[in-house]
Amino acid sequence: MRTSRILQAVEAHAEGDPGRVITGGMPLLKGASVFEKMQDMAANHDEIRLMMLREPRGNPGLCGNVLVPPCHPEADAGFIIFEQTEYPPMSGSNTICVVTVLLETGILPMIEPVTDLTLEAPAGLIRVRAECRDGKITQVSFRNVPAFAVHLDAKVEVTGLGTVAVDVAWGGMFFVLANADRLGVDLSADNGKDITRVSEAIRHATAEQLPVIHPENPAITGPTITNLWGAPIAEGTHGRGAITLSTGPFDPDRPQDASGILDRSPCGTGTCAKMAVLHARGLLAPGQDYVNAGPLGTTFTGCIVEETKVGPYPAIVPTLSGQGWIYGLSSYTLDPSDPFPAGYTVGDMW
């Protein structure tokens, strides 16, 4: 066997959303922060993201993570998140996958019944508490970066839909949020094709008509991801969310061909963005739990623990809780003669 690259990974999912965690074989990434290391990977090593997420080694619904040495003195580990079209500054499901891998494989020591640790994500420090029993993490809770609403009930003109009322909020990524019930969109997993088509049209229109920039880091822009939300249907939940990650460019002349993929989990950053919108409307107070269901019926639980400000925006500090599971250990190689070193996408499923 000939190979020009070998990468080791642990395969994990958080409440259904797969988050591959690369544990070995990465080049040394440069930067004085994990955010700068993310920028270095994007600029100089993006072929790794493509190789690991596209076929034949990946699939449209897969997310990835790279473990890196932290730069902040308070952090125990760092990680970079990568998805089909971007490097998100933060992700709840991927954080849960990373914590599960770090502790259950022994990269960091597990202390039962509770392990406290700090991760450095590109978005900043993430304080984590993992409940552990018999070598297994039974729940991961973390204090997310502050979340805030930028636009409430803004109107955008969307190809094929007309005028749509949207919210734009930051929860670790910039989301555009819209009420699925008003749009007549069923949020069941079986309706994924329609959800992603509508979501991508809304995201494209909002990015053009309501572009946003993070007030503390102008390199972060958006919105890059969509959250269609609806009223709760399961007992013990407070809402539902169907989050669409883009998997390719949007063609406004052919909106029916929009390519996106449903987040299989309730989406941690999407839940935090929804909580920021609810708080801005006076509908969610500090100390109240918000249980959000995803397309598979799994849930994340959020809670506002503090009110703050980010630049000019009133903001909340949310916590988020969920669980992750490891389902495989993998090694990936690249033969130097492989005609698809960066993988490929095919129109039947991308």
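The model is predicted, with local features needing pLDDT of at least 70 and side-chain atom pairs counting only at pLDDT 80 or more, while totals for chains, interfaces and linings use all residues. Residues are numbered from 1 along each chain as its sequence is written, and side-chain values use heavy atoms, with hydrogens and water left out.

On a 1 Å grid over the protein atoms alone, a pocket is an open set of points with protein on both sides within 12 Å along at least five of seven lines, a cavity is a set where a 1.4 Å probe fits but cannot get out, and lining residues have an atom within 4 Å of a point. The largest pocket has a volume of about 300 Å³, and of its 17 lining residues E86, Y87, P89, T221 and T224 are the closest to its centre. The lining of this largest pocket divides into nine nonpolar, six polar and two charged residues.

The second largest pocket holds about 230 Å³ of space and is lined by 15 residues, among which K193, T196, G260, I261 and M349 lie nearest its centre.

Definitions and conventions: Grid points are joined across faces, edges and corners, and a volume is the space filled by probe spheres set on the points. Ala, Val, Leu, Ile, Met, Phe, Trp, Tyr, Cys and Pro count as nonpolar, Asp, Glu, Lys and Arg as charged, and the others, Gly among them, as polar.
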